[in-house]
Amino acid sequence: MEVQFHGAAGEVTGSCHLVSVAGKNVLLDCGMVQGDHEADARNAADFPFDPKAIDVLVLSHAHIDHTGRVPLLVKRGFAGPIYTHSATMDLAAILLADCAHIAAMDTRDANRNLAPGQKPLQPLYTQADVDATVKRMQPLAYDQAHEILPGVHVTLRDAGHILGSATVELAADEQADQTRSTRRLVFSGDLGPNGTPILCDPQPVPAADLVIMESTYGDRTHKTREDTLNELAAIFRAAHRDGGNVVIPAFAVGRTQELLYFFAEHFDEWGLGSYRMFLDSPMATKVTAAYDRHEDLFDPEAKQFWARRPHPLQMPNLKFTSSTDDSRAINSIRGGAIIIAGSGMCEGGRIRHHLRHNLANPAAHVVFVGYQAQGTLGRRIVQGAKHVHLFGDDIPVHAQIHTVGGLSAHADRDGLSDWYGAIAGRPPVCLVHGEDPGRGTLAQALQQKWGCAVTLPMPGVRVTV
Ligand SMILES: [Zn+2]
């Protein structure tokens, strides 16, 4: 068994790893690059392998940086099955449809300004490609070995990152020098932190011969949940005093549901009854409904929460806005509103309109609750930009900017180290899905604590299991 790294090698997005096993090709994830100024060109570029030569695709979870190029892979000739958790199927259908919609809108806008004789642009893929992709998906449950190729089994385990997220174990029976042995490759996908609301903690993996592990927050330790909740309470107190709006860029999957869960739990304590609350993201609304459908995957605390009242994430003063008219109506509210909208890194979506209408207001509070990749608008604001460019206007940043780090959907350095440490035999580990030098810091920590061999692969590098 051999793995070649084709994405998220030295960066945080574009997860894609090719495993050669038993004479076949298994692709782990096929994600989009996000944030990079060359992202569009990189996402449209040829794959570094022949899509027709891929036999099986396994998806760790539904996030676009892990699934966003799958419809393109199908469009370009991949004809095999796609194995993933049933909840990931549910979420990926929603997220990929959104990608196709954005691609259609972007192409339509770009084609409006074509020079005479210039060829019209084509979208990266369409809803028809997404439909063809979803048809190829086969649902798996956690903890059950499934034979995906002769002698090759895949086992998904709960990664606690978003609904349906999984670590992927590929086990292959190999014959060498008269002896048969099983080689195990374990891919962490994205790992959640322990104690996250709604979801279970990442499940330990018993054994591996090689581990591919994410390292998004490999150089950080998160605040405790208690500190994070205190921080949110303080922000709402300050917002109440200042009278402006609270604008929260949030990923539609996971973070939004987590926030709503905290809002429902601390509704009175945080004085949320005095606000008008908006979830201004049709996609997040669909995803919230998908969470409701997969209650069986929740942790015991969330199961109790759901048992006490159905649809606990729906609060009396929370409006799920779907139409653009409803969204636009929020723009005239100058204070007393909490607006959650995507995208989480402010690269697209309705949040950009809300930032345009609130960033210049010193009474407004903008609360970042997720990772902001290099090159994104979110990152520039978090890093203290005094002005940002939105819809052709130069907007001064006078609003109060907060970063609430403890809500991360990713395990921190200690969480990653503990997850690795539970694997028997200290197998060699390849760190992916992290920017340098952060993943180097994690590499040192792992070497010191566990004495394991650590590789920081760059794109194209091959490692034998
Ligand atoms: Zn993810």
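Okay, let's start with Lys 223, which forms a salt bridge with Glu 231, and the closest N and O atoms there are 3.4 Å apart. Lys 223 is partly exposed, with a relative accessible area of 45%. Keep in mind that we're looking at a predicted model.

How many salt bridges does a search of the whole structure find? The number is 20. Let me show you a few that join up. Arg 108, Asp 109 and Arg 112 are linked in a network. On one side, Arg 108 pairs with Asp 109, with 3.7 Å between the closest N and O atoms. On the other, Arg 112 bridges to Asp 109 at 3.4 Å. Arg 112 and Asp 109 both sit in helix α4, three residues apart, so about one turn of the helix. Here's the general point: an α-helix has 3.6 residues a turn, so residues three or four places apart point the same way. As for accessibility, Arg 108 is partly exposed at 42%, Asp 109 is partly exposed too, at 35%, and Arg 112 counts as exposed at 59%.

Now, over to the metal. Which residues coordinate the zinc ion? They are His 61 through NE2, His 63 through ND1, His 161 through NE2 and Asp 190 through OD, at 2.2 to 2.3 Å. The angles between the four donor atoms run from 89 to 168 degrees, and that is why the arrangement is called irregular. Along the chain, the donors follow the spacing H-x1-H-x97-H-x28-D. His 161 is in the loop between β8 and β9, while Asp 190 is in the loop between β10 and β11, so this pair ties together parts that are 29 residues apart in sequence. Are these two buried or exposed? His 161 is buried, at 4% relative accessible area, and Asp 190 is buried at 1%.

Another aspartate to look at is Asp 280, in the loop between β13 and α8. Asp 280 is buried, with 0% relative accessibility. What does its side chain make polar contacts with? One partner is the side chain of Arg 350, at 2.7 Å, and another is the side chain of His 354, at 2.6 Å. Leaving aside neighbours within four places in sequence, Asp 280 also has contacts that include Thr 321, Ser 327 and Ile 330.

On to the nonpolar cores. The largest has 106 residues, and within that core Leu 170 and Phe 263 touch the most other members. Helix α4 gives the largest share of this core, nine residues. Not counting residues up to four places away in sequence, Phe 263 touches a list that includes Phe 236, Trp 270, Met 277 and Ile 340. There's also a second, separate core of 21 residues, with Ile 339, Cys 346, Ala 364 and Phe 368 among them.

What about Phe 262? Find this residue in helix α7, where Phe 262 is buried at 2%. Again setting aside residues up to four places away, Phe 262 touches Pro 197, Arg 225, Leu 229, Trp 270 and Leu 407.

Last stop, helix α13, residues 413-421. Its buried residues are Leu 416, Ser 417, Trp 419, Tyr 420 and Gly 421. And what covers them? The cover includes β9, β10, β11, β20 and α14.

Note on methods
Residues numbered from 1 in each chain as written. Predicted model: local features only at pLDDT ≥ 70, side-chain atom pairs only at ≥ 80, totals over all residues. Heavy atoms only, no water. Donors = N, O, S within 2.8 Å, 3.2 Å for Na, K, Ca; no water. Tetrahedral: all angles 85-135°; square planar, octahedral: opposite > 155°, others 65-115°. Helix = DSSP H or I, 4+ residues; strand = E, 2+ residues; numbered from the N terminus. Buried < 20%, exposed > 50% of the residue type's maximum accessible area, 1.4 Å probe, protein only. Polar contact = N/O pair within 3.5 Å; in protein donor to acceptor, adjacent residues only side chain to side chain. Contact = heavy atoms within 4.5 Å. Core = buried A, V, L, I, M, F, W, Y, C linked by side-chain atoms within 4.5 Å. Salt bridge = Lys/Arg side-chain N within 4 Å of Asp/Glu carboxyl O.
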